[in-house]
Amino acid sequence: NDTAYYLARMLPEKEEYRQLKSFALTRGLLFRPHKTDEQRVQLAEALPVVESSSVVNRAVIQVAQRRNDEAAQTLEQLAETDPRRWYMQAILYSRAMDLNRAAQALQQCFGLDATYQLRMANDGDLSDDVKEAWEFTYN
């Protein structure tokens with residue numbers, strides 16, 4: 001993440017690099033706990049660019065920033081065949097402590113793309129209770 005931030009800062013301030021730079025800055029700064037004022041400004045400028053690039057990116061940013069109500073509405077715009085929809089929905093249900101619905105969303109996700117099970121194992125956005133509920137119910 002630090003590499004993305006430093007490489008993005010090297011890109012010239014030209015419109016043709018705006019989206020690339022915004023993605024790199026977001027990746028490098030979004031989860032950095034201690035940001036300088038300059039980094040906060042850079043992130044504030046980069047986030048709208050990333051969010052406006054696609055529905056998936058808007059949902060990812062909203063989930064990452066814990067804008068749960070907005071994220072829930074955005075996820076409705078994703079196809080039911082998109083495993084990312086169900087995985088992010090499981091995160092939202094986990095935050096709401098709705099274990100059954102979270103486990104159901106995970107099962108829907110894994111039915112579409114089983115590789116998400118590897119992500120679940122180490123994902124701190126999903127509570128251990130949700131993981132156990134999924135394992136007990138579906139595995």
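A pocket here is an open set of grid points with protein on both sides within 12 Å along at least five of seven lines. The views below come from a predicted model.

**View 1. The second largest pocket, with about 280 Å³ of space.** Fifteen residues make up the lining, and Glu 13, Lys 21, Ser 22, Leu 25 and Glu 45 are the ones closest to the centre of this pocket. Two elements, α2 and α3 (37-51), each put two or more residues into the lining.

**View 2. What the second largest pocket is lined with, by class.** Charged residues number eight here, next to five nonpolar and two polar ones. If you're wondering who gives the most to this lining, look at α3, with five residues.

**View 3. The largest pocket, at a volume of about 640 Å³.** This one is lined by 21 residues. Zoom in on its centre and you'll find Leu 30, Phe 31, Val 60, Ile 61 and Ala 64 lying nearest.

**View 4. The helices around the largest pocket.** The largest share belongs to α4, which supplies six residues.

**View 5. The lining of the largest pocket, sorted by class.** Count 13 nonpolar residues in this lining, plus five charged and three polar ones.

Definitions and conventions. Residues numbered from 1 in each chain as written. Predicted model: local features only at pLDDT ≥ 70, side-chain atom pairs only at ≥ 80, totals over all residues. Heavy atoms only, no water. 1 Å grid on protein atoms, 1.4 Å probe; cavity = no way out; pocket = protein on both sides within 12 Å on 5 of 7 lines; lining within 4 Å. Points joined across faces, edges and corners; volume = space filled by probe spheres on them. Helix = DSSP H or I, 4+ residues; strand = E, 2+ residues; numbered from the N terminus. Nonpolar A, V, L, I, M, F, W, Y, C, P; charged D, E, K, R; others polar.
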